[in-house]
Amino acid sequence: MSDQSTLMGAKTTGSMTTQAFGPQNIHVSRIALGCMGLAGTWNPKDVGGENRKRAIASFEAALEAGITFYDHADIYGGTACESIFKDCLQAMPGSRDKIFIATKVGIRSGFYEHSPQYIRDSIQGSLDRMGLEYVDLYQLHRPDPLTHPAHSAQALDELVASGRVKAIGISNYYPQQTRALKKYLQAPIVSNQISISLLRLDPIYEGAAGGAGSVDSAGDGVLDQCLELGITPLAYSPVGGGWLSGRREVPADHPRREAIERIFEKMDEMRETYGGATNTQLSLAWLLAHPAQIIPLVGSNQPAHIREGAEAASLQMSRHDWYQLWVAARGERVP
Ligand SMILES: NC(=O)c1ccc[n+]([C@@H]2O[C@H](COP(=O)([O-])OP(=O)(O)OC[C@H]3O[C@@H](n4cnc5c(N)ncnc54)[C@H](OP(=O)(O)O)[C@@H]3O)[C@@H](O)[C@H]2O)c1
């Protein structure tokens, strides 16, 4: 991976654009593959030849589409996703050195744990399952109120010093939780993986959209903090868990049904401007337009869907259209 470009610059590899990530300016693809569904099951005992074949086909499609960023967690597939990724890497010799591999620690069965011992044990499990010497990014999956951040920070810094982890990220952290960890961690926090999409707008603002006096609900301020501290937001559920693809019938009682209909109506109006882009691609382009340089984690194990998601990296959404979709998603004009 290249470390030559400027921090905020984006460059193109084939049809996939890349962006600098973290203080070492490593370049990663602007679209990442979320590997939560890679094994096709949450029970490792169910993994068979078909699961492996499908995972390898997905990985191959992602590589060909220029995706260099792969997001895992120790718990995905009940550990099966990391294990099957080893098969993927072996099936594509030389691929490890060309890609950026992230995983996470901290969610256990019914509770969260960021204790130093658990972090040390979990990273070893992840490395062994994937057959790796190191991971490029190690993320705390969800804040654990019962571990002092100083203790997690010490364990994470040890992992960086040992070379088993190249960089530290967090996930589902609100700004004050990020500040508490940052106070004790020597390594920089390079990313915060959060749920953000046209169906989850909270990270865009802190306080009401439109400022004081607005009737809008309060946001959480995560993107502003990312801009302030140079943290890259990683967007999970960027296609709204699949609802924004337009390929899934939205049940009458779905809480966001009306918002989804308004969003699709606006997408139909702007589609031709973006060369006939699909709803999935417009949803991803909306995230990519934010100046915090959000990296959407597309969660698919269907090669055609992975290719479709990757193609969104070439779309540049206009300010006008970005606001049209934001207003449709909020169901309220900007004040
Ligand atoms: N940090 C956290 O707490 C957290 C939580 C959740 C997820 N994540 C990460 O984020 C990643 C993505 O999350 P997600 O799976 O919720 O994301 P998502 O991409 O919004 O939703 C995935 C769903 O959308 C469908 N989909 C994706 N592209 C499609 C397309 N072009 N056409 C039709 N359907 C499409 C997939 O079905 P098909 O497989 O059929 O394409 C799948 O059912 C995960 O893999 C994981 O890495 C992190």
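How many bridges join strand β2 to strand β3, and do these strands run parallel or antiparallel? The views below come from a predicted model.

**View 1. The hairpin of β2 and β3.** Strand β2 covers residues 16-21 and strand β3 covers residues 26-29. The two strands run antiparallel, and four bridges join them. Within this pairing, Gln19 stands opposite Val28 in β3. Four residues lie between the strands of the hairpin, where Gly22 takes a positive phi near 75°.

**View 2. The crossing of helices α4 and α5.** Helix α4 is formed by residues 149-162 and helix α5 by residues 175-184. Their axes come within 8 Å and cross at roughly 55°. The crossing of α4 and α5 is right-handed.

**View 3. The contact of α4 with α5.** On the α4 side, the residues are Pro149, Ala150, Ser152 and Ala153. These meet Ala180, Leu181 and Tyr184 in α5. By class, the residues of this contact comprise six nonpolar, one polar and no charged.

**View 4. The shell around the ligand.** The ligand is surrounded by 28 residues, and the closest are Gly34, Met36, Gly242, Gly299 and Ser300. Two or more residues of the shell come from each of the elements β13 (295-298) and α9 (303-311). Helix α9 gives the most, with three residues. The shell divides into 18 polar, seven nonpolar and three charged residues.

Conventions. Residues are numbered from 1 along each chain as its sequence is written. This is a predicted model: local features need pLDDT of at least 70, side-chain atom pairs count only at pLDDT 80 or more; totals for chains, interfaces and linings use all residues. Axes are lines fitted to C-alpha atoms, for helices over the stretch in contact, and angles run from 0 to 180 degrees between N-to-C directions. A crossing is left-handed if the near helix is turned anticlockwise from the far one by less than a right angle, and right-handed if clockwise. Two residues are in contact if their C-beta atoms, placed from the backbone, lie within 7 Å. Ala, Val, Leu, Ile, Met, Phe, Trp, Tyr, Cys and Pro count as nonpolar, Asp, Glu, Lys and Arg as charged, and the others, Gly among them, as polar. A residue is near a molecule or strand if its C-beta atom, placed from the backbone, lies within 6 Å of it. Two strands pair if DSSP finds at least two bridges between them.
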